[in-house]
Amino acid sequence: MSSTRRVAKPKIKAPRKHEAEVSPEETWNKLSKNIREIHNHNASKLSFEENYRYAYNMVLYKSGSMLYKGVCQLVTENVERLAEEELVPTFPSRGSGDPMQQSQEAELLLRALRRVWDDHTGNMSKLRDILKYMDRVYTKSNEVPEIWDAGLDLFLKCIIRPPIQDHVVSAVLTLIQIERDGYVISRSAVKEGVDVLLQLIVDQDGKTVYKRDLEPAILSASETFYKAEAQRLVSTCDAPEYLRRAEGRFESETSRTHHYLHSQTGPPLLKTLEEYLLTQNLAAVINLPNSGMDSMIDLDKVDDLNRLYRLFMRVATGPPALRRSLKDSVLRRGKDINQSSISTDVGEDVDADDEDTTTTGTKGRGKSKARAQATPQTLTLALKWVQDVLDLKDRFDRLWKQAFESNREIEGALNEAFEDFVNLNEKAPEFISLFIDENLKKGLKGKTDIEVDLVLDKTITVFRYITEKDAFERYYKNHLAKRLLFGRSVSDDAEHGMLAKLKVECGYQFTQKLEGMFNDIKISSETMQGYRQHLQNVLPPDLEISVTVMTSTFWPMSHSASTSVLPEILTDSCRSFEHYYLSRHSGRRLTWQPSLGNADVRVQFKARKHDLNVSTFALIILLLFEDVEEDGSLTCEEIKTTTLIPEQELQRHLQSLACAKYKILKKHPPGRDVNPEDSFSFNSSFTCPMQRIKISTVSAKVESTEERRETRDRIDEERQYQMEACIVRVMKDRKHMSHNDLINEVTRQLASRFQPNPQDIKKRIEMLIDREYLERCDDRKSYKYLA
């Protein structure tokens, strides 16, 4: 018999019953007691897990509101207690005027604020940990701030309120003012207070209590302080001291912002300083008598000028004011230089390289008087003017680099000022050419080639400033011609180097004729070699000559054929050379220019023979006395009639022979001026320790008023041709142009040589219309080129 086993069914256990429901009131009582212990700094005796469970249960059993409001109430009570116990007792007293006591009281308040803040945030940090479940569940669903944020709001409400708020702001302002007055404060105390205000946000945009309350108060107090400070400094300090104090204020405010204020306060705070210390007092400081910028430049105060530059560059109106003042300073100094170069007398000098020559301006008769007046006053002033301009340029260039930090805008202002005052001197082109001429002569003041080149480089800088470069070209041609003809150049390399500098500045056209003059000298040397070889095959003339053949279009001399009567011995030599030269060059015509020549002649005096180097005209005069008896004489009129030398040239050469240092002739009566009735005799008793003597010719180095007027007329005439050529060149290219466009284009193209007057250009246009180069269009405002 079989049996069946019965399977047992599993038993289902009833769910475990929950513990008795938690009482919110009882839980809150326990939790609130522990929170008070936290506020009393007894958190170490409490259980984090227990307090967390209390808060968790209250939220879980729908008592989150009781929990949230209760915690806020406890926090409020604690913060108010801290305010009464910690902050109110540290309120500063109002009666003390001692800065140190005020500083200590303000520091106590700010440190107390920081202690309260640290206490509060420490407590809130612990509460945030045990109320995390409430923050995660209750605050989000009920749209209330988390407990940390609620704690900050409660701190704002209970602490950052009158009178505490006012005392805190006042304490910070007091400490800043005390530090500005030169006392030492506890910056850490200020920083502690400021940090509290920076962490308290007052609105949804993130604005802090610092930004809302403290920063406006700081800026307002700073504005009041620096407004009075600027007035005090201007009235009590000289310019360098004012700048030092102002710079010190900028540095101290920057340091203050860095150490205990917020970085965002820096820019508006510095703007306040810039407004009152700089913008409103720029003109007053820079123009202070006996200490302003001019005085600083005079005394070479580079550091003070650099400080002025740095401060002025901080404000928008600073750079223009600085450039304007620098320009005015340069102009004033330049006008002084121009004034010192003015001379009413036209000085004369001798065409010589040594310093022992004399002039017609010498009033004494002795050798010492002649030496003392060797260089004419006007030539000295001309050279001094250029040197003074170079020295002034060097000074401001050095200041520009060291004090003004190579600022390009300031460089432009300085260049404008130099250009303005240089062109105020109508003699500037001539003076610059004279200066170059002196530096390119042999052995000038013992300068080496390198030193001369350095000076010429600086001179080119001044040359750039002159607008009438065509006037300079005319003077430079004259001076170069004399250097080449009389062999006075320091070296060919120096001359060509100067030409290269001028070509870089003004282009090939400017130096084309100057280079042609050098080419003539080179070709003349080759021609003379051929002539001397030619003389070896024929009967040579009695007198040996050396001839320079000058192309008339290259050289500035506009001499016509000489009317002077040459002695037979000179005439034979001239004819010999003419025959040789014309036999090799057909279609050319030679015109002799004895006024530009010189000669070596041996003269027998009673004591000894001397070799004299004289001009060709002086040689002609001396040869007349070969046929005069020992005690005989010739009148000025007789010499003029015999030689046909022009009167002005005759007077100059008679002065050189009879009135200068070496008196080869005797003048009757003695004196420095030559009159038609004067007579001259050979000075056979002349003595001199030197064998070879150079008799220098009296000549005007700086133009007289009449000569300058003639030069100006020639320059104006040349400008007319240049303007016409430029107009035709432009119109040939453009074919059709309006009047204004044509004026502007011609002015632009001619600016490298001179600044043409628009009225003069208009006159040249009219002349070209009359000569049918141009035609006026129907609109009467434009022109057409006629091919």
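Select Asp716 to begin: with 32% relative accessibility, this residue counts as partly exposed, where buried means under 20% relative accessible area, exposed over 50%, and partly exposed in between (1.4 Å probe, protein chains only). Asp716 lies in helix H28; helices here are DSSP runs of H or I with at least four residues, numbered from the N terminus. The model is a predicted one, in which local features need pLDDT of at least 70 and side-chain atom pairs count only at pLDDT 80 or more, while totals for chains, interfaces and linings use all residues. Residues are numbered from 1 along each chain as its sequence is written, and side-chain values use heavy atoms, with hydrogens and water left out.

Helix H28, residues 705-734, gives the most to the patch, with 4 residues.

From here, turn to paired charges. Side chains of opposite charge can pair when their charged atoms come close. With a salt bridge defined as a side-chain nitrogen of Lys or Arg within 4 Å of a carboxyl oxygen of Asp or Glu, the count comes to 62.

Select Arg256 and Glu179, whose closest N and O atoms are 2.9 Å apart in a salt bridge. The pair links distant parts of the chain, with Arg256 in helix H10 (residues 239-259) and Glu179 in helix H7 (residues 164-180), 77 residues apart. Arg256 counts as buried at 2% relative accessibility, and Glu179 counts as buried at 14%.

Move on to Lys327 and Glu416, which meet in a salt bridge of 3.1 Å, N to O. Lys327 belongs to helix H15 (residues 318-340) and Glu416 to helix H18 (residues 408-424), 89 residues apart. Lys327 is partly exposed at 23%, as is Glu416 at 43%.

Then select Arg111 and Glu192, a salt bridge with its closest N and O atoms 3.4 Å apart, which joins helix H4 (residues 99-130) to helix H8 (residues 187-198) across 81 residues.

Finish by selecting Glu241, Arg244, Arg245, Glu247, Asp304, Arg307 and Arg310, which are linked in a network of salt bridges.

Conventions
Helix = DSSP H or I, 4+ residues; strand = E, 2+ residues; numbered from the N terminus.
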